[in-house]
Amino acid sequence: TLAEILRGPFVGLVDDDPFVDLVVLTQSEDVGADGRPVWDNQYFYLRGLGQGRFDPMRRPIDCLSRGGPRGLSANDDYLFFEDMDGDGIRDAIAVAHDIVWNEERIEGSGVYWCPGLGQGRFDELREAGLHPDDGRGNSQVMANRARPQVRDINGDGRVDFVGGRNTYLFLNLPAGLLKRRL
């Protein structure tokens with residue numbers, strides 16, 4: 001049995017026009033050959049037409065698809081469409097909070113992004129690694145589940161993050177995210 005649930009929505013400027021787009025997450029659960037649940041999490045967007053209207057055609061954001069037999073879901077993701085790499089094109093950014101402890105590292109939690117190609121298209125998913133100075137292997141941007149704030153704090157053209165359990169600034173540097181306590 002295949003069940004589909006719509007979650008979200010998020011709003012943002014996904015494509016290159018000036019109209020706000022509507023981003024929705026579909027979650028599908030099916031039963032695999034081994035009898036275990038298999039999850040498919042797919043983000044898609046409805047292109048904004050202005051005046052509160054949206055094109056009903058679902059446009060997938062394939063690079064943010066997640067799922068599989070482990071049951072990882074994207075329920076707790078926060079999505080942003082900002083310039084992560086400073087090239088002037090909006091990128092898809094997911095700040096994820098899947099809590100899966102593996103020794104001292106939280107797997108699935110962190111900042112993931114897909115470089116923008118323009119016109120609502122995105123390249124493959126990558127993780128925004130930590131700057132070597134941090135040394136923990138865990139970004140903690142979502143440590144307290146509060147929605148992080150994204151802005152270009154240091155004026156380098158790349159979006160930075162403010163969030164975490166004790167309120168940290170995460171500077172988006174070419175070497176990775178550098179955590180600084182505020």
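# Notes on an all-strand model

1. Strands are DSSP runs of E with at least two residues, helices are runs of H or I with at least four residues, and both are numbered from the N terminus.

2. Some housekeeping before going on. Residue numbers start from 1 along each chain as its sequence is written, and side-chain values are based on heavy atoms, with hydrogens and water left out. As the model is predicted, local features need pLDDT of at least 70 and side-chain atom pairs count only at pLDDT 80 or more, while totals for chains, interfaces and linings use all residues.

3. Now the overall picture. The protein has zero helices and 17 strands. Of its 182 residues, 46% are buried, where buried means under 20% relative accessible area, exposed means over 50%, and partly exposed is in between (1.4 Å probe, protein chains only). If you take the contacts between residues at least 6 apart in sequence, 44% of them link residues at least 24 apart; a contact is heavy atoms within 4.5 Å.

4. The β16/β17 end is worth a look. These two strands run antiparallel and are joined by six bridges. They form a hairpin with two residues between the strands. Tyr168 has Arg181 of β17 as its bridge partner.

5. On to the cores. A nonpolar core is a set of buried Ala, Val, Leu, Ile, Met, Phe, Trp, Tyr and Cys residues joined through side-chain atoms within 4.5 Å. The largest one contains 15 residues, and those with the most contacts inside it include Val23, Tyr43, Ile61 and Phe122. At least two residues of this core come from each of β2, β3 (37-46), β8 (78-82) and β9 (91-102). A second, separate core has 13 residues, among them Phe80, Trp113, Val159 and Leu177. In soluble globular proteins, nonpolar side chains tend to be buried together.

6. Once residues up to four places away in sequence are set aside, its contacts include Pro9, Phe10, Val14, Tyr43, Ile61, Leu79 and Phe81.

7. How many salt bridges turn up in the whole structure? There are four, counting a side-chain nitrogen of Lys or Arg within 4 Å of a carboxyl oxygen of Asp or Glu. One of them links Arg59 to Asp55 at 3.3 Å, N to O, and both of these residues are buried. Another joins Arg158 and Asp156, with the closest N and O atoms 2.9 Å apart; Arg158 is buried at 16% relative accessible area, whereas Asp156 is partly exposed at 28%. Arg126 and Asp123 also form one, their closest N and O atoms being 3.7 Å apart. Here Arg126 is partly exposed at 37%, and Asp123 is partly exposed at 32%.

8. Asp17 lies in the loop between β1 (3-12) and β2 (21-31), yet counts as buried because its relative accessible area is 19%. A polar atom of its side chain is 3.1 Å from the backbone nitrogen of Phe19. Apart from neighbours within four places in sequence, Asp17 contacts Arg47 and Gly48.

9. Gln51 is not a glycine, but has a positive phi of about 55°. Gln51 is in the loop between β4 (48-50) and β5 (53-54) and is exposed at 78% relative accessibility. Gln119 likewise has a positive phi of about 55° without being a glycine. Its loop runs between β11 (116-118) and β12 (121-122), and Gln119 is exposed, with 55% relative accessibility.

Technical notes. A polar contact is a pair of N or O atoms within 3.5 Å; within protein, one must be able to donate a hydrogen and the other to accept it, and residues adjacent in sequence count only if both atoms are side-chain atoms. Two strands pair if DSSP finds at least two bridges between them.
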